[in-house]
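Please prepare a briefing on the structure shown here, with the main points grouped by topic and the cut-off behind each term stated once.

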Amino acid sequence: MKKIIAILLVLTMVLAVFSGCTGQSEQPASDVKVSEEEGKPAEQAKPVEITVVTSYGGDDGNRGNYENAIAGFEDATGNKVLDASATANEDWKAKVMTDFETGTEPDVLFYFLGADANSIIEADKVVSLEEIRAEYPDYASNMKEDLLVPSPADGNVYGVPSSGFWESLFVNTKVLEAAGVKVPDGDYTWDQFLADCQKINDAGYTPVAVSLQEVPHYWFEFSVYNNGNVSNHLDMPTSAVDATGEKWAAGFEDLKQLYDLGYLPENTLTATDAETVQLVADGEAAFLIDGSWKVGYFVENCSDHLGDFALRYVPGKDERKATDIIGGISMGYYITRQAWEDSEKRDAAIEFISHMTSDEVLSTFVTTEVTALKNGASPAGLNELQQSAAEMTGGVTGIVAPVQDKLSSEARADLFSNVKNIVTGKITIAEAIESALSIG
Amino acid sequence: MNSAIYRDKKPLLLFLLPAFVFLTFFLYYPFIQNIFNSFMNISGLGTASKGMIDPWYGNYVKMYEDPNMMTAFKNTMILTVCTIVIQVGFALVLALLVDRIKKGAKLFRTVYFFPIVISATALGLMFNLVFLYKGGMLNQFLQKVFGVAENIDWKSEEHFLLTMLTPVMWQYIGFYFVVLVTGLSSIPVEMYEAAQLDGANSMQRIRYVTLPLLRNVISTCLILAITGALKVFDLPWVMMGSGIPMDRSWLMGTYMYNQAFLRGDVDYSSAIAVMIVVLGVVFAKLANTLFKQKDY
C-alpha cells in the first residue's frame with residue numbers, strides 16, 4: 001500500500017512539474033474546431049482574456065490615456081485585457097521578438113511598422129490587413145488607405161496605425177535667455193547653432209543634452225539628414241564609401257564635432273538618456289532632440305514651469321531646411337496568428353484594436369502628431385508645450401521617416417554602440433558603418 | 001510493523017526521480033543543446049540554425065580575438081579575486097567580531113544579512129542613485145563634507161571598477177557572514193577555555209583554534225564565492241548596462257546576455273555560455289583541491 005502511495009505521489013509531482021510546460025489555451029483545440037464546424041459563434045457572450053503588449057509603459061506620456069482606453073474597452077465588451085506593456089527601447093524590442101520566437105507571443109501587439117517587425121512577418125506570426133478584411137470588411141476603415149504603412153518584408157499592410165510621431169528640437173528658453181541666445185526660428189542654420197552652443201557653454205550651461213552611450217539615435221538621424229535632403233534621406237548605403245555612405249560619415253563627423261567642442265554633457269559617454277533629459281528639465285542644458293512622446297514627459301514632470309520649454313526645429317544645413325523634420329507613422333496594432341486562429345480570441349482582438357484606433361480614442365492620444373484618421377484627430381485643451389508643438393508642426397516644409405528604421409535591430413545596436421568609439425577616435429567612422437552594414 | 005520498507009531502497013529512487021527528470025529536461029538537455037548551438041549559425045533566439053559555421057570552432061576562435069570578450073574575461077577574474085578577498089574576508093572578520101559579543105549579536109546578523117533579501121535590480125537602481133553624476137548621494141556628500149568642487153563621474157574609465165564592484169561585494173558579504181557565524185557557533189566553548197588555560201591570548205585563540213576548526217566552512221564559502229562570481233549578472237547589468245564606460249565593464253555574464261538578446265548572435269553567446277561553465281568547473285575543481293576539506 002505504501003509503495004502504491006509513493007508511486008502516486010511521484011506521478012503527481014512529475015505531472016505538477018510538467019503541467020506548466022504547455023503554452024496552449026486551456027480549452028482544447030478540438031473543442032474549438034467542433035464549435036466552428038457547427039457554425040456556432042464562439043460563445044460571444046463569454047468574457048475573453050486577451051494579452052496585449054504595447055510600448056505604453058509606466059513612464060509613457062500617454063499611459064493614462066491608454067489605461068482609460070482599456071477600461072473603456074473592458075466596460076463595453078466585458079472582455080479582460082492582460083496588459084504587459086513596457087517602455088520601448090532596444091531591450092523591449094528584443095524581448096518582444098524573443099516572445100514570438102519562443103511561442104509566448106501576445107494576442108495583440110502594438111509595435112513598430114518598419115524593419116523591426118520583419119522577422120515576425122516573415123515567420124507568419126502576425127496577420128495581414130488583407131486577410132483580416134476578408135472576414136471583417138470594416139476593419140480599420142476609419143484610416144486613410146495611403147497612410148497604412150506597408151511592411152518592408154513583403155509590401156503587405158499588417159499593423160493598424162495609431163498616432164504618428166515627429167522628432168524635433170526641445171529648447172529650454174530660460175537657459176537660452178540666461179546665455180543671451182535668441183530662441184531659434186524656422187531658418188535656424190547649423191552655423192548659427194554652433195555659435196549659440198559656444199555662448200551657452202561660456203555661460204556655464206550644457207548646450208546639448210544627449211547620452212551618446214545610450215540614445216545617440218536622434219542626433220544620428222538629424223546629422224545624416226543635414227548632409228542630405230528629404231528625397232534622399234531614406235537611401236541606404238551599400239558601403240562606407242558610396243555616396244550615401246559618405247553622407248552618413250559626414251553626419252557622424254558633425255556629431256563628433258559637437259563632442260570635440262565640448263557641447264555635450266561631461267558624462268555623455270556614461271550617462272543614461274534619463275539623466276541627460278533631466279538636464280533640460282532642470283534648466284541645466286539648452287537643447288534636446290527627441291520625439292513627440294517626450295512632450296508627455298515634460299507635461300508630467302515640469303508642470304509648474306512648462307512655459308520654460310518650447311518646440312523648435314533642428315538646425316538645417318545645406319539642402320535640408322530646418323523645417324524639414326523626421327516623422328511619420330511608425331507604430332501600429334498587430335493581431336498575432338495565434339490569436340487569429342483562436343475563435344474566441346479573434347473577435348476580442350478585432351474589437352480591441354477597433355476600439356483603440358477609433359476616432360474617439362485616438363483623439364485622446366493625439367496632440368500634435370501626424371494621424372492616419374480619415375476624419376483627423378481633434379485634440380482639445382492643449383497646454384503651452386503642446387501649443388508650441390502644434391505651431392512647430394504647422395510650419396513643417398518636409399517630413400521623412402527615420403532611416404535607422406531600415407536597419408535591422410542588430411545592425412542598429414551595433415551602429416549606435418559604436419558612436420562612443422567614433423567620437424573618441426577608437427574606431428574610424430568608415431569602420432563603424434561597415435560593421436553595421438555587414439550585419440544587415 | 002513491517003520494517004521491510006526501510007531496507008528496500010526502491011521507493012527512495014522513485015522520490016528522486018522527479019528532480020532527476022526536471023534537471024534532465026531543464027538543465028542538462030538545454031546545456032547539451034547549447035554546446036551544439038555554439039557550433040551552428042543562429043541569428044535569433046528560437047530561430048532555426050542556418051547550418052554549421054565555418055570553421056565549426058569559429059566562435060571559440062572569435063572569443064580570443066574579440067577585445068570585449070577579453071575585457072569581460074579580465075573583469076570576471078578581477079571580480080572572482082575580489083569576491084574571495086573582500087566578500088569572504090570581510091565576512092570572516094565580521095563573523096569573528098560578532099561571535100565575541102554577547103549583546104546585539106542577533107541584530108548584527110540581521111543587519112548584515114539584509115542585503116541578500118533585496119532584489120539585485122532594486123539594489124542596482126539604488127546604487128545608481130548613490131553614484132549619480134549630478135545630485136548623486138556620493139557626490140553631494142563629497143561636496144558638502146569635503147568641499148569637492150566638481151562632480152565625479154563614478155562610471156568613468158577611472159572609477160567604473162570601484163562603482164561596479166562595491167555593490168556586488170556589499171550584497172553578498174552578509175551571506176558568507178551568516179554561514180561563517182553558524183560555523184563559529186559549532187566550535188565547542190571548551191576548546192577556547194582550554195586554550196585560555198594554556199595561556200593563549202585572543203589572537204592566538206583565533207589563529208590556533210578558530211581558524212583551523214573553521215577551515216571546512218571557509219572552504220565551502222570560497223568554492224561558493226568563486227563559482228558564484230562567474231555567474232554575476234543582474235546588478236552589474238542594471239548599473240553598467242552595455243559595458244559602460246567605453247566597453248570597459250563587461251563581465252562574461254553581461255556580455256553573453258548582450259550578444260544573445262541585443263545583438264541576436266545566439267551561436268556566439270552559446271559559446272560564451274559554454275566557456276562560463278567550463279571555467280566554473282575548472283575553478284571549482286581548483287578550489288576543491290586548494291582548500292581540501294579535512295576531517296577532525
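In this predicted model, H17(A) and helix H19 (residues 429–439) of chain A pack at an angle of about 165°, with their axes 8 Å apart. H17(A) and H19(A) are therefore roughly antiparallel to each other, where angles under 35 degrees count as roughly parallel, over 145 as roughly antiparallel, 65 to 115 as roughly perpendicular and the rest as oblique. Local features need pLDDT of at least 70 and side-chain atom pairs count only at pLDDT 80 or more, whereas totals for chains, interfaces and linings use all residues of this predicted model. Residues are numbered from 1 along each chain as its sequence is written, while chains are lettered from A and ligands numbered from 1 in the order in which they are written.

**The H17(A)–H19(A) pair**

- The axes are lines fitted to C-alpha atoms, for helices over the stretch in contact, and the angles run from 0 to 180 degrees between N-to-C directions; helices (H or I, at least four residues) and strands (E, at least two) are DSSP runs, numbered from the N terminus.
- The crossing of H17(A) and H19(A) is right-handed (a crossing is left-handed if the near helix is turned anticlockwise from the far one by less than a right angle, and right-handed if clockwise).
- H17(A) contributes Glu410(A), Ala411(A), Asp414(A) and Leu415(A) to the contact, and H19(A) contributes Ala432(A), Ser435(A), Ala436(A) and Ile439(A), two residues being in contact if their C-beta atoms, placed from the backbone, lie within 7 Å.
- Five nonpolar, one polar and two charged residues make up this contact of H17(A) with H19(A); Ala, Val, Leu, Ile, Met, Phe, Trp, Tyr, Cys and Pro count as nonpolar, Asp, Glu, Lys and Arg as charged, and the others, Gly among them, as polar.

**The chain A–chain B interface**

- Contacts between the chains involve 28 residues of chain A and 24 residues of chain B.
- On the chain A side, helix H1 (2–18), helix H4 (90–101) and helix H17 (409–417) are the elements that give two or more residues, and the largest share, eight residues, comes from H1(A).
- That side of chain A divides into eleven nonpolar, eight polar and nine charged residues.

**Domains of chain A**

- Chain A is divided into domain 1 (49–164 + 329–365) and domain 2 (166–327 + 382–439), with bounds that come from an automatic or database domain assignment.
- The C-alpha centres of domain 1 and domain 2 of chain A lie 29 Å apart, and the contact takes ten residues from domain 1 and 13 residues from domain 2.

**An open sheet in chain A**

- Five strands of chain A form an open sheet with mixed pairing, in the order S2-S1-S3-S10-S4, two strands being paired if DSSP finds at least two bridges between them.
- Strand S2 (80–83) and strand S4 (160–161) of chain A stand at the edges with a single partner strand each, so one side of each is left without a neighbour in the sheet.
- Strand S1 (residues 49–53) of chain A runs parallel to S2(A) and is joined to S2(A) by four bridges, with Ile50(A) standing opposite Val81(A) in S2(A).

**Backbone details**

- In chain B, a cis peptide bond with omega of about -5° joins Asp54(B) and Pro55(B), and Pro55(B) is placed in the loop between helix H2 (10–37) and helix H3 (58–65) of chain B.
- The peptide bond from Ile244(B) to Pro245(B) is cis, with omega near -5°.
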